[in-house]
Structure formats: structure tokens, C-alpha cells
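Subject: Structure handover

Hello,

Here is the structure I promised to pass on. Please open it first, then read my notes below with the view beside you.

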Amino acid sequence: MSARAIMVQGTMSGAGKSLLVAGLCRVLAQDGLRVAPFKSQNMALNSAITVDGLEIGRAQAMQAQAAGIEPSALMNPILLKPTTDTGSQVIVGGKARATMSAREYFRYRPTLREEVARAYNELASNFDVIVIEGAGSPVELNLKRDDLVNMGMAKLAQAPVLLVGDIDRGGVFAQLVGTMELLDADERALVKATVVNKFRGDVTLFDEGVKILQEKTGVPVAGVLPYLDVDLDDEDSLSERLTRREAAGLLDVAVVRLPKISNFTDFAPLEAAEGVGLRYVSTVSELGMPDLLILPGTKATMADLAWLRESGLATAICRAADSGAVVLGICGGYQMLGLELSDPLGMEGGGRMEGLGLLPMRTEFSREKRTVRTEGAFKELLGPLAPLSGKPVSGYEIHMGRSQVQGPALLSLGTPTDERSDDGCQQGTVYGCYLHGLFDREEACQALVSALLVRKGLNPASLRALDMEAYRQRNYDVLADGIRANLDMGLVRRIIEEGP
């Protein structure tokens, strides 16, 4: 039997669709239903790897975790990872298929309808309820033809729709009423209720607003959700955490905000550790003298390395390393720290580029993309991060480059079907590797925090890292409590039962 469905669409990007889907997944799972998330087409630089080595949007992996199930490529059949301002890598069924300009993709998109339908139907055959997430706005009128992700998906799945507006940005009446007005009549009929999201203050002050919205839209308001204080994985460059320029704490961690930064969820364990201040920097003047300087992943390594040089940050990073600062590169950031990057097949525009020269390794890009979950441990480390030696790690790899390393490795990694192999490199106070999720394990994060505290002459017992899995589960429960308290779940369940 195929699952029933409900779809969450928004008036704009950042309206809170992903969080509401996660919350509904958690609530319905708590109530004993087999529930799964679905988003037909996602655009994000933050991705996740499934247990079978397929790549999906970070939000769908987070929503699956909220539902208590293993993420699957069926939950996100199309993922677009921007490589330039006008082009993206197109990932279908969890595997990279091509890199296309926006115009090329819009011509290609209609051919993917069958694959989206097949993924959805297979997923729906194994669950009671599918909570579908839309993208952006359903009334981008110039993009509606051949739509696969908003009303086109609602029709395909026969899913009733909750329409979400963001009151925190202002103009929520224009958002919700305007969107309803611009929908075609058959699309408007699919919208069964609206949701006002991110309300700050006394919600009773919006009682009259609820009445106005119901009168103007002709559908009930399912709830007014407060600005919930939850810390869950963010997906893209709209994340508020990327605007954090100052972060007070015993430890100062600075992450370079690259133009095409990806998988910044790597740093969630450090953000969550009490007493650790993590901030994002994009200029030399913001850099200062952090206790740890991180070069994160990126979807455009060579272009972002060129930006580092143009901004002056490349020189500043090298000077910091020369003065003994602890520098860490992950994935694309690791590649930048090497001696040279070469792109003989034109995967990133072609040519060769000199790296920052802080690690004795060279990287060559190839067509093959490595996507795998893996685990292992730190090898024998030298320098200030020596206390991490032997600490367990687990995470995932997503990269197209292969690096030839002349120095000592950072990690020993493997999968259940592979032998252990080395990853990463270290030299002096500079470290780098391909592993995302490097500090998700509590032991590794605690060892890092303690090592940095000792280096400052502080008591290593003064800060404690978190068990990130337990921390995330607590946040899913907080989210579910907020949904139950402020959303009419009786109405939502009736909408699911009655369908479109």
C-alpha cells in the first residue's frame, strides 16, 4: 500500500520548510507511524552520504534522522551543487551525472520526471506517511513550466499542501495571500492550510492576524510557530551561522567563509561545545589570531583558492602558520594547503595552480567522485594536536581530487568492506584531511578542545565536548515539542487522512 502524503511549501527560500518537515517527521514517528522525508530536487552545497555511498541533500539526511530512519537516495533523487554563479553539478539518484549551466539544466529537467516518480513511489511503498518538502516559492512564474519540486510534485504525489510564511522577515500577509493569489485554481485547491513561522514575542498579539489570513486565503491557519531555539544541521548559504563574525569563549576558532563553502556542518561539534567561540571570516581584518584556523570544504577549490589570494587571506593564512598558529584544512580546504592543484580534464576549469604550500602534497582532479562513509582513528600526530593520536573518528568523504602525499598521514580510515588506508597529511602546526565529520565523535572533539586549551596554558578540564548524536536527538525532541505546542496536529492529521 502506498503511503499518504503531506507537502510543506514556502513563500520563499528560508521560510523554514526544512525545519517544519523535520519536526513533522519527528512528531509522526513519535506517534508510531512509519514516516520518511522527500524532496524531489534540492540545491545545496551541504550534502550527506548514505550508507550505500550515495549523495543527498543534508536536509533530507537530517529529516530522516529526525524520523528515526536511515537516509536514502530515494528521499532526494535530484541534488544540484552550484559550481559557479550560473552552473551546477547535477546529482541524480545519488550519483554525479553532469555539470550543467542553468539553461542546460532547465532543458534537461523534464527528462528527470520519471526518475523522480520512480524514487517517490518506491519510497512511498515502504512507509505510512511521506512528508514532502518544496523548494523556494511555488509561484516563481518564469520557472513553473515542467515543475518537479513544488505544485508539480504535489500533483504527482497527490499531496495536500501546508503553505509556510516567514513573519520574521516581515510582510507575511503579502507572502501568504500573494502566493495564494498567484497560484492557478487547481494548485490553490491543494493548499489546505497556512503556517506562520518564526514569530517572536507574545503569539496572542497575532490573533487578529490569524483571522485576516483565514479570510484572505480561504483556508485555516494551522499554527503560528515561534522562533524555536533548536540547533540542527543547516543546508546552504542562507544559514545564519555563516554571518557570525564574533564569538566569545575560552577558545577562538575561525573558519574561512569561502565563496563556495560546503559541509560547514563539520564544525557543529565545536559550535556546540560550551566555551568554544566559532566564527566565520571573509577578510584579513576579521582574521585576528585564532586558536584554530580552519579552511573548510568547497565545491570550487581552484576558484576559491584564487579568491583567497585576491582577498589577501592566502598570505594571512601562511603568515599565521609561520607564526605557529594551528591550521586545519578539510576536503577542499585540505587540497588548498598543498603544493599544487592540477586539473588536466577541466573538472574545475582546467590548468594548474600553486597551493598555499603548507603541506607536502599535490592534488589532481579527476572525473571519479569518491562518496563513502568511513571510520577509523587519528594516526600518531605531531605538534600541538598530538593528544588526538589514536582517537576514533567517523564520517564521510565527498571529493573528486586525489592527493599524493609526501609527509606523515593524519588518519587511518576504512569501511566494513575495505582495508584501512591513510588519509590526510600533517606538517608542523598544519593538518589536513578529506574526512567530513572529523570531530563528530566526542572523544576526538574533546581531545582537540583539550589540546588547544593546554596550548593556551588553560586547564584542559575546563571545557567539555558533547556527544553529538545525543545532542541532535535532544534537539529533535525540542523541535517536536514546539510543533505539538503551536501547530494544530489534529488538523494536520485530518489533512493527511483526507488527502487533496
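Start with aspartate 31. Aspartate 31 has a relative accessible area of 35%, so it counts as partly exposed. Keep in mind that this is a predicted model. Every value below is computed from it.

**Salt bridges**

A word of background. Side chains of opposite charge can pair when their charged atoms come close. How many salt bridges does the count come to? The count comes to 26. Here are some of them.

Aspartate 31 forms a salt bridge with arginine 484. Their closest N and O atoms are 2.8 Å apart. Aspartate 31 sits in the loop between α1 (17-30) and β2 (35-38), and arginine 484 is in helix α15, so the pair ties together parts that are 453 residues apart in sequence. Arginine 484 is partly exposed, with a relative accessible area of 35%. A network of salt bridges links Asp31, Arg484 and Arg493.

Next, look at glutamate 497 and arginine 4. Their side chains meet in a salt bridge at 3.5 Å, N to O. This pair also links distant parts of the chain: glutamate 497 belongs to helix α16 (residues 489-498), arginine 4 to strand β1 (residues 4-10), and 493 residues separate them. Arginine 4 is partly exposed, at a relative accessible area of 35%.

Then find aspartate 166 and lysine 198. They form a salt bridge, with the closest N and O atoms 3.5 Å apart. Aspartate 166 is in strand β10 (residues 161-166) and lysine 198 in strand β11 (residues 191-199), 32 residues apart. Are these two buried or exposed? Aspartate 166 has 1% relative accessibility, so it counts as buried. Lysine 198 has 17%, and it counts as buried too. The cut-off for buried is under 20% relative accessible area.

**A buried charge with no salt bridge**

Aspartate 147 lies in the loop between β9 (129-133) and α5 (151-157). It is buried, yet it has no salt bridge. Which side chain of opposite charge is nearest to aspartate 147? That is arginine 109, 5.2 Å away.

The side chain of aspartate 147 does have backbone nitrogens beside it. One of its polar atoms lies 3.2 Å from the backbone nitrogen of valine 149. For the backbone nitrogen of glycine 152, the distance to a polar atom of this side chain is 2.6 Å.

**Positive phi angles**

Most residues other than glycine have a negative phi. Which residues here go the other way? Aspartate 146 is one, with phi near 65°. Aspartate 146 is in the loop between β9 and α5. At 31% relative accessibility, it counts as partly exposed.

Asparagine 263 is another, with phi near 50°. Its place is the loop between β14 (261-262) and α9 (268-272). Asparagine 263 is buried, with a relative accessible area of 2%.

Helix α2 covers residues 58-67. It is mostly covered: nine of its 10 residues are buried. Among them are Arg58, Met62 and Ala67.

Now turn to the second largest pocket. Its volume is about 880 Å³. It is lined by 34 residues. Which of them lie nearest its centre? They are Gln65, Arg373, Gly395, Tyr396 and Asp440. The elements that give two or more residues to this lining are β4 (47-49), α2, β21 (361-378), β22 (392-405) and α15 (468-486). By class, the lining has 11 nonpolar, 11 polar and 12 charged residues.

Asparagine 475 lies in helix α15. It is buried, with a relative accessible area of 9%. Its side chain reaches the backbone oxygen of tyrosine 471 at 3.0 Å. A polar atom of this side chain also lies 2.8 Å from the backbone nitrogen of aspartate 231.

Methionine 400 is in strand β22. At 16% relative accessibility, it counts as buried. Methionine 400 and leucine 458 are 58 residues apart in sequence. In space they are 40 Å apart, C-alpha to C-alpha.

Best wishes

How values were computed: Residues numbered from 1 in each chain as written. Predicted model: local features only at pLDDT ≥ 70, side-chain atom pairs only at ≥ 80, totals over all residues. Heavy atoms only, no water. Buried < 20%, exposed > 50% of the residue type's maximum accessible area, 1.4 Å probe, protein only. Helix = DSSP H or I, 4+ residues; strand = E, 2+ residues; numbered from the N terminus. 1 Å grid on protein atoms, 1.4 Å probe; cavity = no way out; pocket = protein on both sides within 12 Å on 5 of 7 lines; lining within 4 Å. Points joined across faces, edges and corners; volume = space filled by probe spheres on them. Nonpolar A, V, L, I, M, F, W, Y, C, P; charged D, E, K, R; others polar. Lys, Arg positive; Asp, Glu negative; His and termini not counted. Salt bridge = Lys/Arg side-chain N within 4 Å of Asp/Glu carboxyl O. Polar contact = N/O pair within 3.5 Å; in protein donor to acceptor, adjacent residues only side chain to side chain.
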